[in-house]
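Trainee: Hi! Could you walk me through a new structure?
Mentor: Happy to, let's open it up.

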Amino acid sequence: MLSYQHAYHAGNLADLQKHALLAWMLDYLTRKDKPLSYLETHAGRGLYDLGSAEARKTGEAEKGVLALEARLPADHPYRKALARVRAVHGATAYPGSPLIAATLLRPADRLSLAELHPQEHAALVQAMAGRTVTIRKQDGFEMASSLCPPEPRRGLLLIDPSWEVKEDYASVPGVLDGIAKKWNVGILCLWYPILTSDLHAPMLERLEAAHPDALRHEIRFPPIRDGHRMIGTGMFVINPPWGLEEEARRLSDRLRGGTKKP
């Protein structure tokens, strides 16, 4: 459960989809002069180096953000967050979702993060130094269940596990159902990989049956390398904000040429 290291995958196509939609939603929420809560269950280390040996070993960032970032408008919230982080940490820096959120949110907004992996937790604390944020070395599902509904009640929850624990596919719908009942106004976002095994399919059937008004957005792509089992990326959003469906379609259109076989 604690072996996953996102440094090998930072900036890949899945990150691009997930982070572009997340940044858009946070920008939408901050247009109102009301504070909000941001919660994340599997925060990772917060900041990555796309020039590191880990990132270069897989080459996933080269076919992800490094190849496709420019297809998004320069004023897109995701690109603004990337630019701000690079200005501070260097040209090869890549922010994980906690740092994207911290970059786009305001002083009155509340951030609560969970990360159980000891090394990732230590790196996350360092990456978020100087920011007003609560970081727990705790199971993320437990944190979300205990904090919801948060205060302020406006806000967003991101669930982004590694999916190394196959039982997560069976347990996540129940976790989300419980949180949705307690936090009925929260924007609840679940990222999931699309694998050659289609492990996500039964989970999505359960989620869509329980939350018929949720948004499901998926992007398919060929394997990054021989033997790679991930062939797509998905986001399932309960209580999607107005305009997210259209933004998701735009994102698909902008990335389509770079996610298909030539």
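Predicted model: local features only at pLDDT ≥ 70, side-chain atom pairs only at ≥ 80, totals over all residues.

Trainee: At roughly what angle do the axes of helix 1 and helix 5 cross?
Mentor: Roughly 25°, and the axes of helix 1 (residues 13–29) and helix 5 (residues 97–104) come within 10 Å. Axes are lines fitted to C-alpha atoms, for helices over the stretch in contact, with angles from 0 to 180 degrees between N-to-C directions. Helices (H or I, at least four residues) and strands (E, at least two) are DSSP runs numbered from the N terminus.

Trainee: So are helix 1 and helix 5 roughly parallel or roughly antiparallel?
Mentor: Roughly parallel to each other, as angles under 35 degrees count that way, while over 145 is roughly antiparallel, 65 to 115 roughly perpendicular and the rest oblique.

Trainee: Which residues meet there, helix 1 with helix 5?
Mentor: His-19, Leu-22, Ala-23 and Leu-26 in helix 1 meet Ser-97, Ile-100, Ala-101 and Leu-104 in helix 5, contact being heavy atoms within 4.5 Å.

Trainee: New topic: is the peptide bond from Cys-148 to Pro-149 cis or trans?
Mentor: That bond is cis, with omega near 0°. Pro-149 sits in the loop between helix 7 (140–147) and strand 6 (155–159). Pro-152 lies in the loop between helix 7 and strand 6, and the bond from Glu-151 to Pro-152 is cis, with omega near 5°.

Trainee: What about the phi of Asp-198?
Mentor: Asp-198 has a positive phi of about 60°, although not a glycine. Most residues other than glycine have a negative phi.

Conventions. Residues numbered from 1 in each chain as written. Heavy atoms only, no water.
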